[in-house]
Amino acid sequence: MKKTRKPGGGRKKLKPEYDAGKNLKEQMKSAVAYYDSEMSLQAIGDELGLNPIKVRKLLITAGVYESEVAQKVQDTFEEYREIQDYKTSILSTANALQLSKASVTSYLPYQKGVYFPSTASKEKISVGAERQRRYRAMKRWRADPTEENFWGVVLAYTGVKFKTYSGLPFSYEIKKGRNGEYTKELWIDRRENSKSLAWSSVRLALGHIKKVGEVVERPKALGDIRGVTYIYGMFYRFGLINVPDEAKEKMKKAFDKSF
């Protein structure tokens, strides 16, 4: 008699211990560590036994590698991705930029499920992708400290958990107006109710920072500004200022939970 196939049966994995996703994460972590120590792509490739193009793709996936070409490819791809599937978007990008398909894919992150553009709402992207978005926004502002780029940082941290000097938790949201553009007003969520924080106040406090990373003893040191207690917590989370050890202990638990 013919044997009945058992549910879940089939060919056994030749290497059940092999985990492609885990291997990718480990390679990415190692590549970032070497890249942070200012090693070249070729040198990193020699250490990991990879070619420089794959190293670059790992760094792009991690959100730490940027170049004009990479940005152009990613921006073009994202435009097509809004109306086309993944493979068609790659071909369209290749045609538009006069590049090969392989060149286009080499400048895109490794796929982790569904691909969403950088403009997608945070509800549609992973925690890792949110972290990359924040990292890129801050890196962009530090390289070119314009008001527009700093606004990009503030947008990237929407919904993130912060704590005030005294340890009170809060987050903020930024609403869109009728024209679909973001309003220059932050709505601070303190559980019981919401308070508005003007963008002009944030810019004013930013101008009072003498040196990035310096210790700012108290919120008022950033100026006599409405809502400065929230701005103080935001700037610490952004990495723009340091805070006294006493305040740092109160904030630490919230940061550990967020990351």
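A residue is called buried here when its relative accessible area is under 20%, exposed when that area is over 50%, and partly exposed in between (1.4 Å probe, protein chains only). The structure is a predicted model, in which local features need pLDDT of at least 70 and side-chain atom pairs count only at pLDDT 80 or more, while totals for chains, interfaces and linings use all residues. Residues are numbered from 1 along each chain as its sequence is written, and side-chain values use heavy atoms, leaving out hydrogens and water.

The chain has 259 residues, of which 37% are buried. Its secondary structure consists of eleven helices and four strands, taken as DSSP runs (H or I of at least four residues for helices, E of at least two for strands) and numbered from the N terminus. Contacts are heavy atoms within 4.5 Å. Of the contacts with a separation of 6 or more, 50% join residues 24 or more positions apart.

Ala70, Val73, Gln74, Thr76, Phe77 and Glu78 are the buried residues of α4.

Helix α5 covers residues 86-97, and because twelve residues at 1.5 Å each should span 16 Å, the 17 Å between its end C-alpha atoms agrees with expectation. Its buried residues are Tyr86, Ser89, Ile90, Ser92, Thr93 and Ala94, and they pack against α4 (68-81) and α6 (101-106). At the start of α5, a side-chain oxygen of aspartate 85 comes to within 3.3 Å of the backbone nitrogen of lysine 87. Just after the helix, glutamine 98 has a positive phi of about 55°.

A nonpolar core is a set of buried Ala, Val, Leu, Ile, Met, Phe, Trp, Tyr and Cys residues joined through side-chain atoms within 4.5 Å. The largest has 39 residues, and those touching the most other members are Phe150, Tyr172, Phe235, Phe238 and Leu240. At least two residues each come from α7 (127-143), α8 (147-156), β2 (169-176), β3 (182-189), α9 (199-206), α10 (228-238) and α11 (245-258). The most come from α10, which gives eight. Leaving aside residues up to four places away in sequence, leucine 240 touches residues including Met138, Trp141, Phe150, Leu206 and Phe235. A second, separate core has 22 residues, among them Leu50, Val55, Tyr65 and Tyr86.

Notes. Expected span 1.5 Å × (residues − 1). Polar contact = N/O pair within 3.5 Å; in protein donor to acceptor, adjacent residues only side chain to side chain.
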